[in-house]
Amino acid sequence: MTSGPEGPRHTFEDHTAELRLGLFAPTFPELFAEAGRALAELAVGEGPLPEAAGEGVPISLHSVDREALLVDWLNELVFRTEVDGRVYVDFHFDELASDHLVARIHGAEVQGLRPLVKAATLHDVHITEDSHGYSVHVVLDI
């Protein structure tokens, strides 16, 4: 605790409000699509993901590197889910490089949508590539 009992003060407390998401995919675009499906699953809860309907929403993002791009992508989907009241389940990438993407996301309205994720974080994000594909762990603030 800082400061005295009569003045301003603050404390630091343990709080469990994070979820570590593991993502694995054979290609870089599939890694990003799988990240989107994982967010959709968290928002929908139990049961199958809905079928996408309607025209897609265009997304264009620029970041400093591929890790930041993945986090920006997840945060864009969190934002869109919250604002649009839709869960995004289908993703088409026109461009996907290590520092930018151009995509169209397709979603569906869901009754009882529960957007639990507040944000994806850059904490310990490191995309790795091997002969099986790509993998990464992302900490989500819930």
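**View 1. The largest nonpolar core.** The largest nonpolar core has 32 residues, and L23, L70, W73, L101, V136 and V138 are those with the most contacts inside it. Such a core is a set of buried Ala, Val, Leu, Ile, Met, Phe, Trp, Tyr and Cys residues joined through side-chain atoms within 4.5 Å; buried means under 20% relative accessible area, with a 1.4 Å probe and protein chains only. At least two residues of this core come from each of β1 (18-25), α1, β2 (53-62), α2, β3, β4 (100-109) and β7 (133-141). Helices (H or I, at least four residues) and strands (E, at least two) are DSSP runs, numbered from the N terminus. A second, separate core of five residues includes A40, A43, V44 and V89. Please keep in mind that this is a predicted model: local features need pLDDT of at least 70, side-chain atom pairs count only at pLDDT 80 or more, and totals for chains, interfaces and linings use all residues. Residues are numbered from 1 along each chain as its sequence is written, and side-chain values use heavy atoms, with hydrogens and water left out.

**View 2. Aromatic pairs around W73.** Across the whole structure, a search finds six aromatic pairs. Rings of Phe, Tyr and Trp (its six-membered ring) pair if their centres lie within 6.5 Å; planes under 30 degrees apart count as stacked, over 60 as edge-to-face and the rest as tilted. The F32 and W73 rings have centres 6.4 Å apart and planes at 50 degrees, so this pair is tilted. Because F32 sits in helix α1 (residues 28-44) and W73 in helix α2 (residues 66-84), the pair ties together parts that are 41 residues apart in sequence. Both F32 and W73 are buried. For W73 and F93, the ring centres are 5.3 Å apart and the planes at 50 degrees, so this pair is tilted too. With F93 in strand β3 (residues 86-96) and W73 in helix α2, the pair ties together parts 20 residues apart in sequence. Ring pairs link F28, F32, W73, F91, F93 and Y134 into a cluster.

**View 3. The largest cavity.** About 90 Å³ of space lies in the largest cavity. Here, a cavity is a set of points, on a 1 Å grid over the protein atoms alone, where a 1.4 Å probe fits but cannot get out; lining residues have an atom within 4 Å of a point. The lining residues include L39, L77, T81, E82 and P115. Helices α1 and α2 each supply at least two residues of this lining.

How values were computed. Buried means under 20% relative accessible area, exposed over 50%, partly exposed in between (1.4 Å probe, protein chains only). On a 1 Å grid over the protein atoms alone, a cavity is a set of points where a 1.4 Å probe fits but cannot get out, and a pocket is an open set with protein on both sides within 12 Å along at least five of seven lines; lining residues have an atom within 4 Å of a point. Grid points are joined across faces, edges and corners, and a volume is the space filled by probe spheres set on the points.
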